[in-house]
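Dear colleague,

Please find the structure below, handed over for your further work.

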Amino acid sequence: MSGEDYSAALSELFREWTLPNPTAIARLFVSPAFAPHLEDIVELAQHRLGDQTQLMTVVGGGVVGGGQEVEDSASMSFLGGLLPNDSSVELFCVSDDSEVSIPKSSSSSTGMTDSSSQRRSSHLAFADPHFSEIDAVLE
């Protein structure tokens with residue numbers, strides 16, 4: 001599959017994905033062969049996934065999915081899941097070139113229902129194990 005065939009690749013990935021009513025979170029892993037088309041891929045994927053899905057897209061040297069790893073050809077992998085109805089998602093990126101700072105949630109996005117109850121926060125980190133500041137982010 002060439003890097004130009006990203007639309008067909010997305011159609012195959014999302015063949016069995018139905019648009020969720022509740023909030024969903026999705027990760028799209030893309031090989032370097034598709035990197036020149038990344039902006040178009042993200043736009044098309046988000047359109048197909050719908051507004052209720054928070055999409056994170058990563059370009060990596062190897063793409064894992066379907067029980068195998070592909071390194072030397074054009075490939076994509078998709079992972080999606082539903083979140084509880086009262087949940088919210090905040091995406092952020094930290095790199096070696098940026099200051100390590102996790103955004104603080106506002107009360108409206110943390111799921112606080114009233115002043116006497118608070119919802120416990122959960123975090124999902126996707127990190128390069130060689131990222132020099134990963135320990136600071138996780139603390």
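In what follows, contact means that heavy atoms lie within 4.5 Å. Please note that the model is predicted.

Overall architecture. The chain holds three helices and five strands, which follow one another along the sequence in the pattern α-β-α-β-β-β-β-α. Of its 139 residues, 27% count as buried. Among contacts between residues at least 6 apart in sequence, 75% join residues at least 24 apart.

Ser75. This residue is in the loop between S4 and S5. Its relative accessibility is 9%, and Ser75 therefore counts as buried, the cut-off being under 20%. Apart from neighbours within four places in sequence, the residues in contact with Ser75 are Phe29, Val30, Ser31, Phe34, Val63 and Val70.

Second largest pocket. Ser75 also belongs to the lining of the second largest pocket, together with Leu13, Val63, Val64, Gly65, Gly66, Gln68, Val70, Met76, Ser77 and Phe78. The space in this pocket amounts to about 200 Å³. At least two lining residues come from each of strand S3 (63-65), strand S4 (68-70) and S5. Sorted by class, the lining comprises six nonpolar and five polar residues, with no charged residues.

Aromatic pair. A pair of aromatic rings is described by the distance of the centres and the angle of the planes. The count of such pairs comes to one. The ring centres of Phe14 and Phe78 are 4.8 Å apart and the planes stand at 85°, so the pair is edge-to-face; the cut-off for that class is over 60 degrees. Because Phe14 lies in the loop between H1 and S1 whereas Phe78 lies in strand S5, the pair ties together parts that are 64 residues apart in sequence. Both partners are buried: Phe14 has a relative accessible area of 9%, and Phe78 has one of 18%.

Helix H1. Which residues of helix H1 (residues 6-13) are buried? They are Tyr6, Ala9 and Leu10. These residues cover an arc of only 100° around the axis, which means that they are on the same side of H1. The elements that cover the buried residues of H1 include strand S1 (24-30), helix H2 (38-49) and strand S5 (76-82).

Yours sincerely

Definitions and conventions:
Residues are numbered from 1 along each chain as its sequence is written. This is a predicted model: local features need pLDDT of at least 70, side-chain atom pairs count only at pLDDT 80 or more; totals for chains, interfaces and linings use all residues. Side-chain values use heavy atoms; hydrogens and water are left out. Buried means under 20% relative accessible area, exposed over 50%, partly exposed in between (1.4 Å probe, protein chains only). Helices (H or I, at least four residues) and strands (E, at least two) are DSSP runs, numbered from the N terminus. The arc is that of the directions from the helix axis to the C-beta atoms. On a 1 Å grid over the protein atoms alone, a cavity is a set of points where a 1.4 Å probe fits but cannot get out, and a pocket is an open set with protein on both sides within 12 Å along at least five of seven lines; lining residues have an atom within 4 Å of a point. Grid points are joined across faces, edges and corners, and a volume is the space filled by probe spheres set on the points. Ala, Val, Leu, Ile, Met, Phe, Trp, Tyr, Cys and Pro count as nonpolar, Asp, Glu, Lys and Arg as charged, and the others, Gly among them, as polar. Rings of Phe, Tyr and Trp (its six-membered ring) pair if their centres lie within 6.5 Å; planes under 30 degrees apart count as stacked, over 60 as edge-to-face and the rest as tilted.
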